[in-house]
Amino acid sequence: YLRSFFKHNGVEKLKVEDYNWRKNKKTEHVPTKEDVYKIAEHCDARGKAIILCAFQSGLRNSAIRALCHGDIKEQLETGKVPVRIHVNSEFRERVPQACKENAEHYTFFGKEAAQALKDYTDWRVTKYGKIDEDEPLFTPYETFSQPKSRKNTLSEDSLQRLTKRAAKRTRIKDWQNIHFHSLRKSFRTVLDAGYVDGGQMAEDD
């Protein structure tokens, strides 16, 4: 296709190196449920909440970063479990791609994730004061003490680094091939195990 495109536009002799996508595909290790909890225990309060929320909900990197305190505040204060998350177009306004293809859906944070969130928000309020409802739930550490910067969201790479560092500290097998997206696949694996007929979720579910 590439050669035809260039030939059509007057480029007759085009040298193209073959790209072996299988060879260059990023190696990934999907951690077990037990491994995910080990990874979470090797994080601080914010990191633990991020890891467990991602694993128990299957939320994408962008959606985790788009969460605001107001999305879960009332449920945390009343002790409601599971915590229900409504991913909608507002997420996309906060972080691009946070609501993929504008497909609204619901997901949930279980008991462990809810407790980790409560511990994290309690710590943050005690140390830095009130969290406004429109503030991102997870923000960079340097913004905690700077009210004017608290609307800043985490970067995509910051969640990758968080996951990689925590996985390394656990010394679990193939830690170097665990990425933040691996947590979503761990979530999918747990759901697949619950299928009575032995079926599996679709790749994009």
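**View 1. Trp123 in the predicted model.** Trp123 is partly exposed, at 34% relative accessible area. The model shown here is predicted. Six aromatic pairs occur in the structure. In one of them, the ring centres of Trp123 and Phe144 lie 5.9 Å apart. Their planes meet at 65°, so this pair is edge-to-face. The pair bridges distant parts of the chain, 21 residues apart: Trp123 belongs to helix α8, Phe144 to the loop between α8 and α9. Phe144 is buried, with 1% relative accessibility.

View 2. Trp123, Tyr128, Tyr141 and Phe144 are joined into a cluster by ring pairs. A charge also meets one of these rings: the charged end of Arg46 sits over Tyr141, 3.7 Å from the ring centre.

**View 3. Arg150 in the loop between α8 and α9.** The loop holding Arg150 runs between α8 (111-128) and α9 (156-170). Arg150 has a relative accessible area of 7%; this is under 20%, so Arg150 counts as buried. Its side chain reaches the backbone oxygen of Tyr128 at 2.8 Å. Beyond neighbours within four places in sequence, Arg150 contacts several residues, among them Arg124, Tyr128, Glu135, Thr139 and Phe144.

**View 4. Confidence along the chain.** Mean pLDDT for the chain is 87, and 82% of residues reach 70 or more. Residues 195-205 fall below 50. In the model this stretch has 12 contacts beyond near neighbours in sequence.

Conventions. Residues numbered from 1 in each chain as written. Predicted model: local features only at pLDDT ≥ 70, side-chain atom pairs only at ≥ 80, totals over all residues. Heavy atoms only, no water. Helix = DSSP H or I, 4+ residues; strand = E, 2+ residues; numbered from the N terminus. Buried < 20%, exposed > 50% of the residue type's maximum accessible area, 1.4 Å probe, protein only. Polar contact = N/O pair within 3.5 Å; in protein donor to acceptor, adjacent residues only side chain to side chain. Contact = heavy atoms within 4.5 Å. pLDDT = per-residue confidence, 0-100. Phe/Tyr/Trp six-rings, centres within 6.5 Å; stacked < 30°, edge-to-face > 60°. Lys NZ or Arg CZ within 6 Å of the ring centre and 35° of its normal.
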